[in-house]
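User: Here is a model I would like to go through term by term. Please set each value against its definition.

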Amino acid sequence: MAFYSPKIEGQPVFQSAPVDDAQLIPAVQTIVQEFEGDKTRLMDIVLAVHQRYGHIPDAAVEAIASGVNMQAVEVTSMISFYAFLNREPKGRFQIRLCKTPMSLMKGAEDVALAFTRATGAQIGGVSPDGEFSLDWTSDIGMADQEPSALVNGTMLTSLTPDAVTNIVAALREYPKDTPYPLFPGADGKGMPIPHSQVQASLIQPGPIIFRRGAQRGESINAALAIPPEAVIEALNKARLRGRGGAGFPTSTKWKLCREAAGSEHYVVCNADEGEPGTFKDRVLLALAPDLVFDGMTVAAYAIGARTGLVYLRGEYAYLREPLQRVLNQRREAGLLGQNICGRQGFDFDIRIQLGAGAYICGEESALIQSLEGKRGAPRDRPPFPVSCGYLNQPTAVDNVETFCCAARIMEQSADWFSRYGTEQSTGTRLLSVSGDCAQPGVYEVPFGMTVNVLLALVGGTGASFVQIGGPSGECVAPKDYGRRIAFEDLATGGSVIIFGPGRNVLEVALQFIEFFAEESCGWCTPCRVGTALLQQQLEKIIADRGTKADLNAMEALCNTIRRTSRCGLGQTAPNPILSTIRNFPEAYAVKLRKEEFTPRVTLQEALAEAVEVQGRRPLAGEQ
């Protein structure tokens, strides 16, 4: 079984143009064989084909389907779900420009215009010479270094219009007869082009839980010194809550998973932080990967798992190779594999699964679907992953920061961890801070810090409003800057976006709604249709064409979407509108028309022509 990242021998030059089926089919069959025709590895198979050809032709779909014993329509359905998988040829260099409120604030539209001029490609199109394609994409995890973009597997940050000419010139010089790793590529190596460096820093102005310089594996040895049940009890004593945003008690999740019946148990690390404005997990993976893997290994001991999986968002492909090197070092050190740390029978290993561009895969059941090689559509719950998760087995899914916290608790103690923060929110919180502030970045702060104190810390004093928790969180007005960042007050998955004077709160809310409408998986009607309707209604109000009745109807629709959507995306998608209605009523009041809408014709007059054509007469009692 190709458990890790197989290298396809004899990889040809990257091709973005149509290819001969006689050459393509044997090559695709070889790729499928590398994964032993395992349909649960369909994502890896598809990514390998995409890396080689720049798209996935019909003949490749047929060859993949035959090799994994699936229908071609099933493979096509899976491919169509992910934004970074192309069915048709695109440019040799696929440029995806990040489009978020943060990037637009920093000049992304001017950068896009510069790329259009330099490459000859319009947004959504391919340049005349076939070298470049240009598209907008959702958040790529670089909110602290905007404007940003992806060029195949390479991240470009802090872009300016002036830099674009040199970037395009460097790309044009890239030899055509050299294999080129098409995004999201197996190796994720950066190219020597301008602005291809990603900064990763963790600012720790107060208590330090992360990056304390502990020895690799120290927390594992501490866990192995006590029974698995005692490990779970230590997390319970520390009152550790999941750092993904919902704040579910980690000890409860692990206990339920351990006690669930199954032939196998799995540990899954959710490294698919796709919430606009969140990038803390990227920094942790870059600066403290051993801490993450230590935490996963502690979890494996606690729940009885032999396999761990890291679901790494496709935008972070450049991190895959460094993380793989760390995993190899841990195997050599006896921290992964068989008999970990000398404990007979404690076998555990970790595989990295790369995603392909789908915000919804940050939801744990959708992530599990994607891990299994399927469309990343959320599952109905119950059953929950702790009893029926990956491959229908008990699975503990936690995010990067949570595993780091678990490792620190084992290393230091529950009492040490819980002395930071508040009664209901113990420990510290990593905050991804971006927007209108002097010092964007990832900050480690104790739970309970007020918004005012945070703004002073990052150089954002005077902000007009602050978005806590990303688009799905809450838009906070200055009158509420005394509120605390904690699960019992302002809960957040880690995103803090600061908007200074002159920023339009309704325009920002609209951009967030557009994001949700774009990222909806489309499975349920309330989310698929409702988010599009919210976008239309908010556009009408912003254009000074709305009335109080329109505002009331929009609010009612928000509540319907929240109550009836299938998963967390739809349930939180209305938050940008609901929180701004609640906290910024004056922003809506000035946009509403004073008079209510009065139709120029009655319903009967509007239907008169149709009645006459049909020869229909009103029934008794009809007006």
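User: How many bridges join β1 to β3, and do the strands run parallel or antiparallel?
Analyst: There are 6 bridges between β1 and β3, and the two run parallel. One example is Gln-94, whose bridge partner in β3 is Ser-133. Strands pair if DSSP finds at least two bridges between them, so with 6 bridges β1 and β3 count as paired. Strands here are DSSP runs of E, at least two residues long, and helices are runs of H or I, at least four, both numbered from the N terminus. This is a predicted model: local features need pLDDT of at least 70 and side-chain atom pairs 80 or more, while totals for chains, interfaces and linings use all residues. Residues are numbered from 1 along each chain as its sequence is written, and side-chain values use heavy atoms, without hydrogens and water.

User: What makes β1 and β4 a pair?
Analyst: β1 and β4 (residues 149-151) share 3 bridges in the antiparallel sense. That meets the bridge rule. Within this pairing, Ile-95 stands opposite Val-151.

User: Why is β1 called mostly covered?
Analyst: In β1 (residues 93-98), 6 of its 6 residues are buried. Buried means under 20% relative accessible area, exposed over 50%, and partly exposed in between (1.4 Å probe, protein chains only). Both faces are covered. Phe-93, Ile-95 and Leu-97 lie on one side, with Gln-94, Arg-96 and Cys-98 on the other. In a regular strand, side chains alternate between the two faces of the sheet.

User: What is the cover like on β15?
Analyst: β15 is mostly covered, with 5 of its 5 residues buried. Ser-495, Ile-497 and Phe-499 point one way, and Val-496 and Ile-498 the other.

User: Which strands pair with β15, and in which sense?
Analyst: β13 (residues 465-468) runs antiparallel to β15 (residues 495-499), joined by 4 bridges. β11 (residues 428-435) runs parallel to β15, also over 4 bridges. Val-496 of β15 is the bridge partner of Val-433, and Val-496 is likewise the partner of Ile-468. Val-466 has Ile-498 as its partner in β15.

User: How do you know which residues make up the largest nonpolar core?
Analyst: A nonpolar core is a set of buried Ala, Val, Leu, Ile, Met, Phe, Trp, Tyr and Cys residues joined through side-chain atoms within 4.5 Å. The largest such set has 156 residues, and Ile-64, Tyr-82 and Trp-254 have the most contacts inside it. Helix α12 (residues 289-303) gives the most to this core, 10 residues. Apart from it lies another core of 22 residues, among them Phe-93, Ala-112, Phe-115 and Leu-156.

User: What does Ile-64 touch?
Analyst: Leaving out residues up to four places away in sequence, Ile-64 touches Val-28, Val-32, Leu-42, Ile-45, Val-46, Val-49 and Val-75. Contact means heavy atoms within 4.5 Å.

User: What makes a space a cavity, and how many are there of 30 Å³ or more?
Analyst: On a 1 Å grid over the protein atoms alone, a cavity is a set of points where a 1.4 Å probe fits but cannot get out; a pocket is an open set with protein on both sides within 12 Å along at least five of seven lines; lining residues have an atom within 4 Å of a point. By this rule there are 3 cavities of 30 Å³ or more.

User: Which residues of the second largest pocket lie nearest its centre?
Analyst: Thr-137, Ser-138, Phe-515, Glu-518 and Glu-519 do, out of 36 lining residues. The volume of this pocket is about 770 Å³. α18 supplies the largest share of the lining, 6 residues.

Notes: Points joined across faces, edges and corners; volume = space filled by probe spheres on them.
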